[in-house]
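Dear colleague,

Please find below the structure that I am handing over to you. My findings follow it.

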Amino acid sequence: ADSILGSLTKIASGGTQASQEIRKLEEEKRGLEQQAQDVETALSLRRNSEIAAEALSSQKYEIAAKAVQEYNEYRRMKRHTERALAFAGEYTVQQMETTQRVLRETLLQKYEIAVGTSDLQMLGN
(Lines give C-alpha, C1' and ligand atoms only; values in the text may rest on other atoms or scores of the structure.)
Protein backbone atom coordinates (compact mmCIF):
# COMPACT_ATOMS: atom_id res chain seq x y z
CA ALA A 1 0.00 0.00 0.00
CA ASP A 2 2.86 2.36 0.85
CA SER A 3 4.56 1.69 -2.47
CA ILE A 4 1.33 2.40 -4.37
CA LEU A 5 0.84 5.62 -2.40
CA GLY A 6 4.46 6.56 -3.06
CA SER A 7 4.03 5.89 -6.78
CA LEU A 8 0.85 7.97 -6.89
CA THR A 9 2.60 10.81 -5.06
CA LYS A 10 5.48 10.72 -7.59
CA ILE A 11 3.00 10.75 -10.46
CA ALA A 12 1.08 13.66 -8.94
CA SER A 13 4.22 15.71 -8.32
CA GLY A 14 5.45 14.89 -11.82
CA GLY A 15 2.11 16.07 -13.21
CA THR A 16 2.32 19.31 -11.24
CA GLN A 17 5.84 19.92 -12.54
CA ALA A 18 4.71 19.15 -16.11
CA SER A 19 1.81 21.60 -15.72
CA GLN A 20 4.19 24.30 -14.50
CA GLU A 21 6.52 23.64 -17.43
CA ILE A 22 3.60 23.83 -19.86
CA ARG A 23 2.47 27.17 -18.37
CA LYS A 24 6.03 28.48 -18.61
CA LEU A 25 6.27 27.42 -22.26
CA GLU A 26 2.90 29.01 -23.02
CA GLU A 27 4.09 32.27 -21.45
CA GLU A 28 7.29 32.15 -23.51
CA LYS A 29 5.22 31.49 -26.63
CA ARG A 30 2.99 34.51 -25.93
CA GLY A 31 6.07 36.65 -25.39
CA LEU A 32 7.64 35.51 -28.65
CA GLU A 33 4.38 36.05 -30.53
CA GLN A 34 4.15 39.59 -29.15
CA GLN A 35 7.76 40.25 -30.10
CA ALA A 36 7.13 38.91 -33.62
CA GLN A 37 4.09 41.19 -33.93
CA ASP A 38 6.16 44.14 -32.73
CA VAL A 39 8.82 43.40 -35.37
CA GLU A 40 6.11 43.11 -38.04
CA THR A 41 4.58 46.41 -36.88
CA ALA A 42 8.00 48.12 -36.92
CA LEU A 43 8.63 46.94 -40.48
CA SER A 44 5.22 48.22 -41.54
CA LEU A 45 5.84 51.56 -39.84
CA ARG A 46 9.17 51.95 -41.61
CA ARG A 47 7.77 50.92 -44.98
CA ASN A 48 4.75 53.23 -44.68
CA SER A 49 6.89 56.10 -43.46
CA GLU A 50 9.20 55.79 -46.47
CA ILE A 51 6.34 55.34 -48.95
CA ALA A 52 4.44 58.33 -47.55
CA ALA A 53 7.48 60.63 -47.56
CA GLU A 54 8.50 59.66 -51.12
CA ALA A 55 4.94 59.93 -52.42
CA LEU A 56 4.45 63.33 -50.80
CA SER A 57 7.69 64.67 -52.24
CA SER A 58 6.59 63.59 -55.73
CA GLN A 59 3.05 64.94 -55.17
CA LYS A 60 1.43 61.49 -55.29
CA TYR A 61 -1.05 62.39 -52.59
CA GLU A 62 -3.27 59.33 -52.89
CA ILE A 63 -0.32 56.98 -52.29
CA ALA A 64 0.87 59.10 -49.37
CA ALA A 65 -2.63 59.13 -47.88
CA LYS A 66 -2.91 55.34 -48.08
CA ALA A 67 0.41 54.88 -46.27
CA VAL A 68 -0.65 57.36 -43.58
CA GLN A 69 -4.01 55.61 -43.29
CA GLU A 70 -2.34 52.23 -42.67
CA TYR A 71 -0.04 53.82 -40.08
CA ASN A 72 -3.06 55.27 -38.28
CA GLU A 73 -4.94 51.97 -38.52
CA TYR A 74 -2.08 50.21 -36.69
CA ARG A 75 -2.29 52.91 -34.04
CA ARG A 76 -6.06 52.35 -33.65
CA MET A 77 -5.39 48.61 -33.34
CA LYS A 78 -2.99 49.45 -30.47
CA ARG A 79 -0.07 47.88 -32.36
CA HIS A 80 2.19 50.88 -31.69
CA THR A 81 3.65 49.29 -28.59
CA GLU A 82 6.69 50.82 -26.94
CA ARG A 83 8.84 47.97 -28.29
CA ALA A 84 7.42 48.24 -31.83
CA LEU A 85 8.13 51.98 -31.89
CA ALA A 86 11.64 51.36 -30.55
CA PHE A 87 12.25 48.76 -33.27
CA ALA A 88 10.98 51.19 -35.91
CA GLY A 89 13.20 53.96 -34.61
CA GLU A 90 12.49 57.49 -33.51
CA TYR A 91 13.32 58.87 -36.97
CA THR A 92 10.63 56.70 -38.58
CA VAL A 93 7.94 57.93 -36.21
CA GLN A 94 9.02 61.58 -36.56
CA GLN A 95 9.15 61.28 -40.35
CA MET A 96 5.63 59.83 -40.46
CA GLU A 97 4.22 62.46 -38.11
CA THR A 98 5.80 65.24 -40.21
CA THR A 99 4.61 63.67 -43.47
CA GLN A 100 1.10 63.32 -42.08
CA ARG A 101 1.02 66.98 -40.98
CA VAL A 102 2.41 68.26 -44.30
CA LEU A 103 0.01 66.06 -46.29
CA ARG A 104 -2.97 67.35 -44.29
CA GLU A 105 -1.86 70.98 -44.77
CA THR A 106 -1.19 70.47 -48.50
CA LEU A 107 -4.54 68.83 -49.15
CA LEU A 108 -6.34 71.52 -47.16
CA GLN A 109 -4.62 74.26 -49.20
CA LYS A 110 -5.51 72.50 -52.46
CA TYR A 111 -9.11 72.18 -51.29
CA GLU A 112 -9.31 75.86 -50.32
CA ILE A 113 -7.85 76.94 -53.67
CA ALA A 114 -10.21 74.67 -55.58
CA VAL A 115 -13.25 75.92 -53.67
CA GLY A 116 -12.10 79.54 -54.00
CA THR A 117 -11.72 79.26 -57.75
CA SER A 118 -14.69 76.90 -58.20
CA ASP A 119 -12.28 74.47 -59.87
CA LEU A 120 -14.14 71.17 -59.63
CA GLN A 121 -11.44 69.44 -61.69
CA MET A 122 -8.81 70.35 -59.07
CA LEU A 123 -11.03 68.96 -56.30
CA GLY A 124 -11.00 65.61 -58.07
CA ASN A 125 -7.22 65.52 -57.99
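**Findings**

Of the 125 residues of the protein, 24% count as buried, where buried means under 20% relative accessible area with a 1.4 Å probe, protein chains only. This is a predicted model, in which local features need pLDDT of at least 70 and side-chain atom pairs count only at pLDDT 80 or more, while totals for chains, interfaces and linings use all residues. Residues are numbered from 1 along each chain as its sequence is written, and side-chain values use heavy atoms, with hydrogens and water left out.

The protein has five helices and zero strands; helices are DSSP runs of H or I with at least four residues, strands are runs of E with at least two, and both are numbered from the N terminus.

Helix α4 (residues 90-116) and helix α2 (residues 61-76) have axes that come within 10 Å and cross at roughly 130°, the axes being lines fitted to C-alpha atoms over the stretch in contact and the angles running from 0 to 180 degrees between N-to-C directions. Therefore α2 is oblique to α4, since angles under 35 degrees count as roughly parallel, over 145 as roughly antiparallel, 65 to 115 as roughly perpendicular and the rest as oblique. In this contact (heavy atoms within 4.5 Å), α2 contributes Y61, A64, A65, A67, V68, Y71, N72 and R75, and α4 contributes V93, M96, E97, Q100, L103, T106, L107 and K110.

The buried residues of α4 are T92, Q95, M96, T99, Q100, L103, T106 and A114. Just after α4, S118 has a positive phi of about 55°.

Yours sincerely

Key:
Buried < 20%, exposed > 50% of the residue type's maximum accessible area, 1.4 Å probe, protein only.
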